Amino acid sequence: MAASLISLAARIRNRELSGLQLGTRNWKLILDPTYSIVVPAYNESARLGGSLEKILSYLAEQGWSAEVEVIVVNDGSSDDTAEIVLRLAKNNPALRLVENPGNRGKGYSVRNGMLQARGRVLIFSDADLSSPIEELPKLLKALNDGAEIAIGSRWLQAELQTQRQPLHRQLFGRVFNLLLRITLGLRFKDTQCGFKAFQQRAAQRIFPLQRIERWGFDPEILFLARKFGLSVQEVPVAWAHVGGTRIHPLPDGSRMFWEMLRIRWYDLTGKYDGPAPATAKPAKTLPGKPV
Ligand SMILES: Nc1nc2c(ncn2[C@@H]2O[C@H](COP(=O)(O)OP(=O)(O)OP(=O)(O)O)[C@@H](O)[C@H]2O)c(=O)[nH]1
Ligand SMILES: [Mg+2]
């Protein structure tokens with residue numbers, strides 16, 4: 001009896017048993033979610049509560065609530081971002097709060113969430129839901145069709161942008177995109193959209209090696225994807241600029257420029273040559289409506 005209990009505990013720890021085998025929906029959440037949605041959050045008290053409610057009610061409408069964990073990574077906020085998450089989590093077991101050791105940046109936050117996520121498909125989304133969560137099936141379809149990574153894009157079908165960024169931000173974005181093509185050979189129309197999805201295998205390959213902690217982390221993960229031969233599909237998504245950004249084009253822009261060069265440097269100096277972790281099976285069957 002004691003031996004079989006110990007073996008059951010070990011299997012639960014190793015996540016060999018799904019919730020269905022254990023016969024409870026909550027175990028399914030705890031042990032084996034199909035999707036993980038990571039939301040980095042820095043001083044987001046004004047918009048996070050509304051965004052999380054939108055995400056949670058969308059998941060409920062799709063009948064996905066028991067298949068999804070939503071991980072908010074609090075990036076050392078000085079407001080009540082964490083309290084908002086904890087309050088909502090009381091009635092939503094799918095919601096988890098992860099705390100960074102102080103303010104480290106969006107790149108660090110996404111990485112931290114991705115490394116703690118347990119889904120077979122891992123998604124990250126900005127807290128302002130500039131790309132509405134209803135766009136998620138477009139990313140999932142790309143994964144179902146065989147891509148290992150699906151990245152939301154504002155510039156593949158620019159008419160899907162219902163509210164554009166201010167002109168200087170658009171210009172800054174286009175110049176950065178050109179520089180990424182020249183220095184890193186990244187041929188995407190939009191690397192920076194905060195709405196991306198990864199097969200577990202791709203996430204496990206990339207995120208342990210990600211080193212850029214602030215805004216320049218998106219090019220790094222796309223650079224690593226190409227280095228490891230992972231297929232990336234750019235997917236046009238609806239997008240609306242939401243006011244309240246904290247990006248400062250001059251200091252943040254010059255930092256992103258150096259981060260771009262650092263990616264090349266890290267590659268040249270073998271920082272990205274870590275061992276490939278054990279591979280996970282790609283997720284093919286996704287629950288809910290066909291997408
Ligand atoms: N500004 C900022 N955001 C962070 C930080 N760490 C995590 N984030 C999160 O990163 C996401 C993107 O932040 P935004 O300020 O919306 O920046 P953005 O979407 O790139 O810029 P806009 O297009 O102007 O909205 C949000 O979910 C933030 O909460 C940080 O240190 N600073
Ligand atoms: Mg934003």
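In the predicted model, helices α8 and α11 cross in a right-handed sense. Two packed helices are described by the angle between their axes and the distance between the axes. For α8 (residues 167-184) and α11 (residues 249-268), the angle is about 15° and the axes lie 11 Å apart. Angles under 35 degrees count as roughly parallel, and α8 and α11 are therefore roughly parallel to each other. On the side of α8, the contact is made by His168, Arg169, Phe172, Phe176, Leu179, Leu180, Thr183 and Leu184. Helix α11 contributes Pro249, Gly253, Met256, Phe257, Met260, Leu261, Ile263 and Arg264 to this contact.

Helix α7 (residues 136-144) was examined next for burial. Its residues Leu136, Leu139, Leu140, Ala142 and Leu143 are buried. These residues span an arc of only 155° around the axis, and they therefore lie on the same side of α7. An α-helix has 3.6 residues a turn, so residues three or four places apart point the same way. Just after α7, Gly146 adopts a positive phi of about 120°.

In soluble globular proteins, nonpolar side chains tend to be buried together. The largest nonpolar core of the model holds 64 residues, of which Val38, Val70, Ile123, Leu139, Ile149, Ala150 and Ala225 touch the most other members. Helix α10 (residues 217-227) gives the most to this core, with six residues. Leaving aside residues up to four places away in sequence, Ala150 touches Leu139, Ala142, Leu143, Lys196, Ala197, Gln233 and Val235.

How values were computed
Residues are numbered from 1 along each chain as its sequence is written. Chains are lettered from A and ligands numbered from 1 in the order in which they are written. This is a predicted model: local features need pLDDT of at least 70, side-chain atom pairs count only at pLDDT 80 or more; totals for chains, interfaces and linings use all residues. A nonpolar core is a set of buried Ala, Val, Leu, Ile, Met, Phe, Trp, Tyr and Cys residues joined through C-beta atoms within 7 Å. A residue is buried if 20 or more other C-beta atoms lie within 10 Å of its own, exposed if 12 or fewer, and partly exposed in between; C-beta atoms are placed from the backbone. Helices (H or I, at least four residues) and strands (E, at least two) are DSSP runs, numbered from the N terminus. Two residues are in contact if their C-beta atoms, placed from the backbone, lie within 7 Å. The arc is that of the directions from the helix axis to the C-beta atoms. Axes are lines fitted to C-alpha atoms, for helices over the stretch in contact, and angles run from 0 to 180 degrees between N-to-C directions. Angles under 35 degrees count as roughly parallel, over 145 as roughly antiparallel, 65 to 115 as roughly perpendicular and the rest as oblique. A crossing is left-handed if the near helix is turned anticlockwise from the far one by less than a right angle, and right-handed if clockwise.
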